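These are my notebook entries on a structure that I looked up. I went from single residues to the whole chain.

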Amino acid sequence: MGSQDMKNTLQEALKALYHHPDQQVRSRANDWLQEFQRTVEAWEVSDGLLHDANSNLETLIFCSQTLKTKVQRDFEELPPAAFFSLRDSLKNLLKKFSKGPSKVRMQICIAMSALAVHVSAQDWGGGGILNWLRDELGSNPDYLISFLELLTVLPQEASSYKIAARPERRRQFQKELVSSVNAAFGLLASCLSFKELHEQVLDAFASWLRLSHGIQAATLASHSLVLAAINGLKSEQLFDAAANAICELIRYTVYGSPGGLAEQMPLVQVLVPQVMGLRSRFSASLNVALVEKEGNQGGESGIGQADMEDDEIVKGMARLFAEMGDSYVELIASGSAESMMIVDALVQVTSHPEYDIASMTFNFWHSLQTILTKREYHCSFGNEAAVDSEMERRLIIFRPTFELLVSLVSFRVMYPQNYEELSKEDIIDFKRTRYAVGDILMDASSVLGGETTLKILSNSFFQAASTPGNGGSWDWRSAEAALYCIRAISKAVPISEGTVMPQIMGFLSKLPPQPQLLQTACLTIGSYSKWLSGAPNALSFLPALIEILTRGLSTSDDSSTAAAMALRHVCDACRDKLAGSLDVLFHIYHKAVSREGGYKLSTEDALQLIEALSMVITALSPEPAKKALEALCLPAVAALQEVITQAAGSSQQFNANQYTVPIDRLANIFRYVNHPEAVADAFRNIWPILKAVFDQRAWDMLTMERLCRACKYAVRTCGRSMGVTIGDMLQVVQLQYQLHHQSCFLYLSSEVIKVFGSDPSCANYLGALITSLFSHTISLLKTIQDFTSRPDIADDCFLLASRCIRYCPHLFVPSTIFPSLVDCAMTGITIQHREACTSILTFLNDIFDVATSIGGKKYRSVIDNIIFPRAASLTRILIGSLAGALPESRMEQVISVLMSLTRVYGMQVVTWGQEAISLVPSVAITDGERSNFLGALSSAASASGANSLAIIGSLEELSDVCRRNKTVQEMVQGALQPLRLTLTVAP
């Protein structure tokens, strides 16, 4: 297809994509366009259409995005000489689109920046792209907007990994830009004579400040760009750009030089007064916002139009105060008079009724409390006594501020009047606000102490909660908000607190049964469960509190969930105190599982009740615990027996839920009742019923997963108390796995190996289990396609294999199945499934770990005989995985296996690595990059450098080089072929 035909087809595809009514036609057009962007022809076609005066906006946007992506990812498709024509074309496009469309101009700027990353400074002429840009600005003043935008984008793209540059070139480009900061500032300063461009100049200035290092503070303090930013704060049009620049300047004073803040004081002394000068404007805006919150109009309150500020300017001022607080928090923590002025400004920001503005300060308050309360920030004051004295001095200064902070944020957790009408997104935002306020209250508690914070919050609670008794209208929201805040600081309130908490706990039963209020009351009870466990008079509270929780179980879905969770926490913390209340708890339990008490418990909530009872049973002596355990199991066993009986005599297909609900309840009992012998007896008695489920539902993955989970918890809790039942269970597992290939059978077996692997009396049936399960699994996983279609089996198979190496290497490593399993692992390394891949790599790591461990020396010869003939292929697969066969998120694990292999076989791995890496064409990786990789392997082979971060960095760099674009990645994979590599093992 000719160039003109391709242009016509592209425009037709764009027209179909954006305007055709048929979804299938739009989908085909989209597929064609995506494929077009991958072609070499896309360069010429996109460039031509961008220069074509007849191209419409849709064509211009698509072609500019395509050209940008081609420069970023596929620059190596072009011959070296194409750089100059491409640069000139992009320059002409910048001129053409100087007045818009801005979306197109931005894409061209990014493309030009990407080109600068790819091409060395020498090819741009002396001084690189900055000097080239200076010359263009001088000779083309009519196109300043485009070149200013390019100047803004350049530092932003300096570290972009969307650009398929080699790592060494990317680092060199960053150095070039850093060394050109002064030149960039000079260019920007020269543009200040054009007042209409001040906003763009300030944007570019902020962008370059992120790259600035080592510029003298005195130089910057008097720089015309800094003065322009300061003056911009007085302009409504320039305020946002000026605020961005000053925020970057504030950060620069902290991170811009090795000497830190001390070296930057000349600049700090310029910036801080200017930012603080905004306080009167912010105060006026705050007053307006507070009046508006109360529902009054500005005229009625005496606030004139002059006091009104644009919302974005108000946010910009708040951001400047917050940035100053975050950056100078260590200075502010000294408590000097000057620093307290900044704190006062931040208090004002926190008090703003708009949450998006107030929350800008939350990070500052957290950082400040950390500095005030952690001793490591005060070590410079000398001995322990001096440190204690300084910490107390600072705390005395800041306590009033944090007391005020408590009152400023606590109102934000109040439910809005129209809560029921809020959208799902608004409800999520409201909950996030409550969580954030809870964190701030904990920060305040760290400074004030939990008891002091509790007293402040309790005053609001008692005041709000007492209102119903006055006979007037009552707003439950105030009481709920105060109670929520009290709940939020529960971890800060000491168990010894004996004044306020008893009053609060006693007051909870007097609250009206409003659903949200009851939900928060239940959650508060749960949050203070540890306090209840230590309270001397807790026994007098518990009956009333359990009554509140019982009420919560039947009020609403949310309160039921909260009550069940709280009951679990209370039973966990107060298990000894509740042993005498077991009958009451069982009464609640039976009503819940029978659904006869009006409880609104979900299936998950019922499990919380079972956990609660299990923890109380754990506190009983063995004989009462055994009887209570039987009573706890009975409802679940009866339900399971009923469905088994019905299913045995019926052709009807039963829902998995009918099995899994009682099985999950048994699983929680086995997990949380910590009486191994009692649980073992219960499991032994229930085993015939569980075996019947294995027989009836072995084909059903969901039921089997839940049943194996229950058996896993039984094995974990009972340990060797299970006796002969474990043998019966494993026979069932082996048989059903061969018939139905459920991966959960492997997972259950791995738990058995963990518990019984080192037990000599179990060696015979564990050896048979290992051979049976692995033999059958290997027959299922012969190719990478098999792994991809059965990732769960692969995952659990190699999890089991790792357990075998760790807990019974004497049975596993010398076995006849071990070599075949290593071959199977090598076949599946490149599976894309995260968990399965991780299990395989962990298994390989475990092999090398045991080979080098003290206890594993006796297996070294066996492992060598298995690994050594396969090592060259394994090394090649690992390098292929590193170079793109596996996602980047798996690189740490791949490198770990490669390093472990090197640790075991030393310089031989370098030889195998050289054989593999030599297969990669030089167009993909240079000789220098190849040499760096082999040098890293050589360093890893020496004991002194085995764990060096530099070595890992070199290995990661090979990965980066080989993944820099799709063409290179495909070339490398085609050379190494880790997915199709035939494993040849010498006889």
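**Entry 1: His-741**

I record here that the model is a predicted one. I located His-741 in the loop that runs between helix H38 (725–740) and helix H39 (743–756). I then read its backbone angle: phi of His-741 is near 55°, a positive value in a residue other than glycine. I kept this reading because most residues other than glycine have a negative phi, and most peptide bonds are trans.

**Entry 2: Pro-101**

I next examined a peptide bond. Gly-100 and Pro-101 are joined by a cis peptide bond, with omega at about 0°. I placed Pro-101 in the loop between helix H5 (82–96) and helix H6 (102–118).

**Entry 3: Ser-959**

I found Ser-959 within helix H51, which covers residues 949–962. Which residues does Ser-959 touch, if those up to four places away in sequence are not counted? I noted Leu-882 and Met-891. With Leu-882 I also recorded a polar atom of the Ser-959 side chain at 2.9 Å from the backbone oxygen of Leu-882.

**Entry 4: The largest pocket**

I turned to empty space. Rolling a probe the size of a water molecule over the atoms shows where such space is left. The largest pocket holds about 660 Å³ of space. I listed 26 lining residues, and those nearest the centre of the pocket are Arg-487, Ser-490, Lys-491, Gly-526 and Ser-527. By class, I recorded 13 nonpolar, six polar and seven charged residues in the lining. Which helices each supply at least two residues of this lining? They are H23 (424–448), H25 (476–488), H27 (515–527), H28 (529–534) and H30 (557–573). I noted that H30 gives the largest share, six residues.

**Entry 5: The whole protein**

The protein has 52 helices and zero strands. Its C-alpha trace spans about 95 × 90 × 75 Å along the principal axes. Of the 987 residues, 54% are buried. Among contacts with a separation of 6 or more, I recorded 74% between residues 24 or more positions apart. The protein exposes about 42,400 Å², of which carbon and sulfur atoms supply 51%.

Conventions. Residues are numbered from 1 along each chain as its sequence is written. This is a predicted model: local features need pLDDT of at least 70, side-chain atom pairs count only at pLDDT 80 or more; totals for chains, interfaces and linings use all residues. Side-chain values use heavy atoms; hydrogens and water are left out. Helices (H or I, at least four residues) and strands (E, at least two) are DSSP runs, numbered from the N terminus. A polar contact is a pair of N or O atoms within 3.5 Å; within protein, one must be able to donate a hydrogen and the other to accept it, and residues adjacent in sequence count only if both atoms are side-chain atoms. Contact means heavy atoms within 4.5 Å. On a 1 Å grid over the protein atoms alone, a cavity is a set of points where a 1.4 Å probe fits but cannot get out, and a pocket is an open set with protein on both sides within 12 Å along at least five of seven lines; lining residues have an atom within 4 Å of a point. Grid points are joined across faces, edges and corners, and a volume is the space filled by probe spheres set on the points. Ala, Val, Leu, Ile, Met, Phe, Trp, Tyr, Cys and Pro count as nonpolar, Asp, Glu, Lys and Arg as charged, and the others, Gly among them, as polar. Buried means under 20% relative accessible area, exposed over 50%, partly exposed in between (1.4 Å probe, protein chains only). Accessible areas come from the Shrake-Rupley method with a 1.4 Å probe; for residues, only the protein chains shown count as cover.
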